[in-house]
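Thanks for making time for this one. I would like to walk through a single structure, going from its overall layout to a few residues.

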Amino acid sequence: MFDKNRTLRWCAPALLGALALTMATHLHAQVGPDDPDWKESDTPTPPAFSVDKLLPLAMPPYVSLTFGIDPATLAISPDGIVRYVVVARNAGGSINAMYEGIRCATGEVKTYARAGGTGPWSIVTEPQWRGFTDNLPSKHAWVFARQAACDGRATAASTPGDIVRALKK
């Protein structure tokens with residue numbers, strides 16, 4: 001006799017395990033060995049930003065903040081870093097902005113400066129590269145990388161306009 005409950009109790013953990021293995025393999029592929037000759041270019045001054053034309057990030061439903069990228073701040077440097085200003089807004093309307101860089105080749109993000117409201121910028125004294133999947137308060141950089149900035153370990157676009165088009169999809 002077929003016992004549906006027994007089958008579900010056996011299949012559910014197996015399926016979850018397979019999913020976890022698939023995710024771990026995908027994430028490991030994004031964070032490969034570093035190029036020993038790579039050097040980050042000088043970081044430009046944090047750009048002015050606007051909250052009027054933000055392109056939204058498709059955050060998971062459990063995230064209470066909304067995030068958007070100011071398209072006027074997007075830049076792709078010769079060293080492969082996608083730099084941008086992301087704005088976080090809570091339900092009450094308060095905003096915080098971060099000037100960040102994504103390095104698709106290693107699956108990392110760096111925060112260069114932070115601002116509340118419309119400024120002024122507070123420069124991070126010793127910015128550090130962190131993995132997309134580190135235990136951060138928000139995964140907005142990972143979402144941005146997947147949604148528009150990165151294609152696996154490569155920058156997904158050759159121009160900021162390509163990233164803007166991907167964000168608008």
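What pattern does the protein chain follow when read along the sequence? It runs α-β-β-β-β-β-β-β-β-α-β-β-α, and the elements come to three helices and 10 strands, where helices (H or I, at least four residues) and strands (E, at least two) are DSSP runs numbered from the N terminus.

Before going further, please keep in mind that this is a predicted model, in which local features need pLDDT of at least 70 and side-chain atom pairs count only at pLDDT 80 or more, while totals for chains, interfaces and linings use all residues. Residues are numbered from 1 along each chain as its sequence is written, and side-chain values use heavy atoms, with hydrogens and water left out.

Of the 169 residues, 35% count as buried, meaning under 20% relative accessible area with a 1.4 Å probe, protein chains only. Taking contact to mean heavy atoms within 4.5 Å, residues 24 or more positions apart account for 48% of the contacts with a separation of 6 or more.

Let me turn to the interior. In soluble globular proteins, nonpolar side chains tend to be buried together. Leu57 itself, leaving aside residues up to four places away in sequence, touches Ile69, Val86, Phe144 and Leu167, among others.

Which residues form a disulfide? With a disulfide taken as a pair of cysteine sulfur atoms within 2.5 Å, the count comes to one, and that pair is Cys104 and Cys150, whose sulfur atoms are 2.0 Å apart. The pair links distant parts of the chain, since Cys104 sits in the loop between β5 and β6 (108-116) and Cys150 in strand β9 (residues 150-151), 46 residues apart. Both cysteines, Cys104 and Cys150, are buried, and their link is left-handed, with -80 degrees about the S-S bond.

Finally, Thr106 also has its place in the loop between β5 and β6, and Thr106 is buried, with a relative accessible area of 5%.

Definitions and conventions:
Buried < 20%, exposed > 50% of the residue type's maximum accessible area, 1.4 Å probe, protein only.
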